[in-house]
Amino acid sequence: MSITGILIAAACVGIVGIFVGLFLGVAGIKFKVEVDEKEEAVLAALPGNNCGGCGFAGCSGLAAAIAKGEAAVNTCPVGGEEVGKKIAAIMGVEAEASERKVAYVHCQGDCERTTTDDYYGIKDCRMMSFVPGGGPKSCNSGCLGFGTCAQACPFDAIHVENGVAVVDKEKCKACGKCVEVCPKHLISLRPYSNTVQVACSSTDKGPVTMKACKTGCVGCGICVKNCQHDAVKVENFHAIIDPEKCVGCGACMEKCPKKCIVKA
C-alpha cells in the first residue's frame, strides 16, 4: 500500500473518531441525568448494608425517598439514632427521637425442655413448616432449631444454641430479616429497653403445652393478676406483654409458675 493510501485511511479513521466523539458529547449533555446533591449526601451517610430493613430496595432506594420527603430521616434501622442525626443535618430538619430495637425469639424450648426425636431429614425451617408435625421437637409452636434465621442475618447476630435460636442484642441491627424468614413467627422486633419477655409462642391449651414443653405458657393468667401496670394480658392461652406499658418491674416473671417470662 502506498503512503498516500495510508494517510487517507488514517484521515478517515480520525474523522470518524471526531464525529463519534462529538456525538457522544452531545448525547451526554442531552441525556444527562441530574443528580440530587442531597440524595447523594444521604446515601453517603447511610451504612451501605443494603439489608432492606427500612422497607426500601437498598440504601439507594431509602436515600431517594428521604431526599423526596417520602421517608423519615431516621428510617434506617441499622444506622440508628447516630445516622438519623447526620441525615437530619443534611436535610435541614430536626431528628425525631427514636428508640433502638432488637429482635427477640419467643421460645426457650431447647433440647432439654422439649421432647426431641432423632431427625435425619432436610434441615430448613421453611421447608419443615409444610410438614404436619415436622421437625425433631414435640412442640409444634416452638423453634425448630435449624438456623434458617441465622443464615438470613447479615450481621451474625443470631445463632442456634442447644436447639433454639438466640439473638445477640448487641450485634442485632433490627433489619427484620430473621422475622421475615421464621415460618413459626417466633421472632419480633422489640425496644432495646424492654427486657421482660414471654419466651413462648404456643397458643395450645394448658395440658397440650405442658406435655410438649416444660416451660411453655399455659395461659393461667397469674402474670395478669400480678402486673400493677396493666401491661399483661392472655389471649388464646398465651400471655402477651405490652411494651408500651411494661416498666420492667419483673413481678409477672417472679410469679410465673412455668418460668416462661424471662429477662432478655
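Biologist: How exposed is Arg-126?
Modeller: Arg-126 is partly exposed, with a relative accessible area of 40%. Keep in mind that this is a predicted model.

Biologist: And what does Arg-126 form a salt bridge with?
Modeller: With Asp-124; their closest N and O atoms are 3.6 Å apart.

Biologist: Is Asp-124 buried or exposed?
Modeller: Asp-124 is buried, since its relative accessible area is 14%, and the cut-off for buried is under 20%.

Biologist: Remind me, why would such side chains pair up?
Modeller: Opposite charges can pair when the charged atoms come close.

Biologist: How many salt bridges does the structure hold?
Modeller: Six. One of them joins Lys-171 and Asp-156, again with 3.6 Å between the closest N and O atoms.

Biologist: Where do those two sit in the chain?
Modeller: The pair links distant parts of the chain, 15 residues apart. Lys-171 is in the loop between strand E3 (164–167) and helix H7 (177–181). Asp-156 is in the loop between helix H6 (148–152) and strand E2 (158–161).

Biologist: How accessible are Lys-171 and Asp-156?
Modeller: Lys-171 has a relative accessible area of 38%, so it is partly exposed. Asp-156 is partly exposed too, at 43%.

Biologist: While we're in that loop between E3 and H7, what is going on with the backbone at Ala-174?
Modeller: Ala-174 lies in that loop and has a phi near 60°, which is positive even though the residue is not a glycine. At 8% relative accessibility, Ala-174 counts as buried.

Biologist: Switching to helices. What salt bridge does Lys-85 make?
Modeller: The side chain of Lys-85 meets that of Glu-81, at 3.6 Å from N to O. Both belong to helix H4 and are four residues apart, so about one helical turn separates them. Glu-81 counts as partly exposed, at 45% relative accessibility.

Biologist: What span should H4 have, going by its residue count?
Modeller: H4 has 12 residues, so at 1.5 Å a residue it should span 16 Å. The end C-alpha atoms are 16 Å apart, which agrees.

Biologist: Which residues of H4 are buried?
Modeller: Val-83, Gly-84, Ile-87, Ala-88 and Met-91. They cover an arc of only 145° around the axis, so they are on the same side of H4. On the other side, Glu-82, Lys-85 and Ala-89 are exposed.

Biologist: What covers the buried residues of H4?
Modeller: H2 and H3 are included in that cover.

Biologist: And what comes just after H4?
Modeller: Gly-92, with a positive phi of about 70°.

Biologist: OK, H3 then. How many of its residues are buried?
Modeller: Eight of the 10 residues in H3 (58–67) are buried, so the helix is mostly covered. Among them are Gly-58, Cys-59, Leu-62 and Ile-66, along with several alanines including Ala-63 and Ala-67.

Biologist: What do they pack against?
Modeller: The buried residues of H3 pack against helix H2 (37–45) and helix H4 (80–91).

Biologist: What follows H3?
Modeller: Gly-69, and its phi is positive, near 80°.

Biologist: Now the surface. Which residues make the nonpolar patch?
Modeller: Ile-15, Ile-18, Phe-19 and Leu-22 make a patch of about 430 Å². Ile-18 is found in helix H1 (residues 3–30). With 52% relative accessibility, Ile-18 counts as exposed.

Biologist: Last one: what share of the contacts comes from residues 24 or more positions apart?
Modeller: They account for 57% of the contacts with a separation of 6 or more.

Methods
Residues are numbered from 1 along each chain as its sequence is written. Side-chain values use heavy atoms; hydrogens and water are left out. Patches are made of residues with over 30% relative accessible area and no salt bridge: like charges are joined within 9 Å, nonpolar side chains (Val, Leu, Ile, Met, Phe, Trp, Tyr) within 5 Å. Accessible areas come from the Shrake-Rupley method with a 1.4 Å probe; for residues, only the protein chains shown count as cover. A salt bridge is a side-chain nitrogen of Lys or Arg within 4 Å of a carboxyl oxygen of Asp or Glu. Buried means under 20% relative accessible area, exposed over 50%, partly exposed in between (1.4 Å probe, protein chains only). Contact means heavy atoms within 4.5 Å. The expected span of a helix is 1.5 Å times one less than its number of residues. The arc is that of the directions from the helix axis to the C-beta atoms.
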